[in-house]
Amino acid sequence: MIIYTARVPKKRLLAAGAAALCCVFAALTFALTLSGRAVAVSAEVKHIKTNDDRLAYLNGLGWQVSPQPIATEELLIPEEFDDSYQDYLKLQSDQGFDLSQYKGRRVKRYTYQLTNYPTQAEPVQIALLIYKNKVVGGQIQSSSGSFLHGLTLPSPPEGENPQPSQDSPPEPAATTSGLVGASSRSLASP
């Protein structure tokens with residue numbers, strides 16, 4: 001049996017210990033970020049399996065919603081997108097979502113009532129499109145259809161109201177009904 005000994009200065013030993021602790025902290029932070037609890041609108045977010053996961057995702061975006069979805073639907077993404085889909089596809093792509101990857105696939109749409117939308121004059125809803133436990137799209141819309149935008153509140157020009165006022169004509173809303181045509185099926189009633 002052969003034994004080797006080495007002499008290590010205490011400063012190097014302390015530096016190595018501090019570096020190891022930093023690596024462990026960085027690894028834990030990275031693991032928690034990937035757990036699906038950290039929210040990024042600009043990319044698909046995985047591990048959204050339960051209502052609590054969806055609520056945590058929306059809360060991470062700064063939204064407060066009803067505790068249960070007001071509607072849960074299964075939708076079929078069409079095989080081919082015609083011109084009527086261009087505005088909706090642009091809305092999704094501006095958020096980092098690419099619905100063209102899901103052509104011909106069934107997704108679930110969970111719609112919640114927003115409770116903290118600024119200057120809320122009418123009911124406002126937020127919807128998430130989920131495919132195999134990951135967020136692949138979503139939007140915020142008024143119940144009347146007077147506006148539709150991405151999952152984050154668009155920044156209004158300085159001095160303007162973030163939501164269209166009742167006096168101004170509403171901006172045209174992209175439709176989501178054409179997204180699924182007659183092949184949508186309601187899974188739960190509100």
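A residue counts as buried when its relative accessible area is under 20%, and as exposed when that area is over 50%. The model described here is predicted.

**Helix H3**

Helix H3 spans residues 86–94, and its buried residues are Tyr88, Leu89, Leu91 and Gln92. These four residues lie on the same side of H3, because the arc they cover around the axis is only 155°. Asp87 and Asp94, by contrast, are exposed on the other side of H3. Just after the helix, Gly96 adopts a positive phi of about 95°.

Most residues other than glycine have a negative phi. His47 is located in the loop that joins helix H1 (10–37) to helix H2 (51–60). Asn133 is found in the loop between strand E3 (124–131) and strand E4 (134–142).

The class of partly exposed residues lies between the two cut-offs, under 20% for buried and over 50% for exposed. His47 has a relative accessibility of 41% and therefore counts as partly exposed. Asn133 has a relative accessibility of 35%, so Asn133 also counts as partly exposed.

How values were computed
Residues are numbered from 1 along each chain as its sequence is written. This is a predicted model: local features need pLDDT of at least 70, side-chain atom pairs count only at pLDDT 80 or more; totals for chains, interfaces and linings use all residues. Side-chain values use heavy atoms; hydrogens and water are left out. Buried means under 20% relative accessible area, exposed over 50%, partly exposed in between (1.4 Å probe, protein chains only). Helices (H or I, at least four residues) and strands (E, at least two) are DSSP runs, numbered from the N terminus. The arc is that of the directions from the helix axis to the C-beta atoms.
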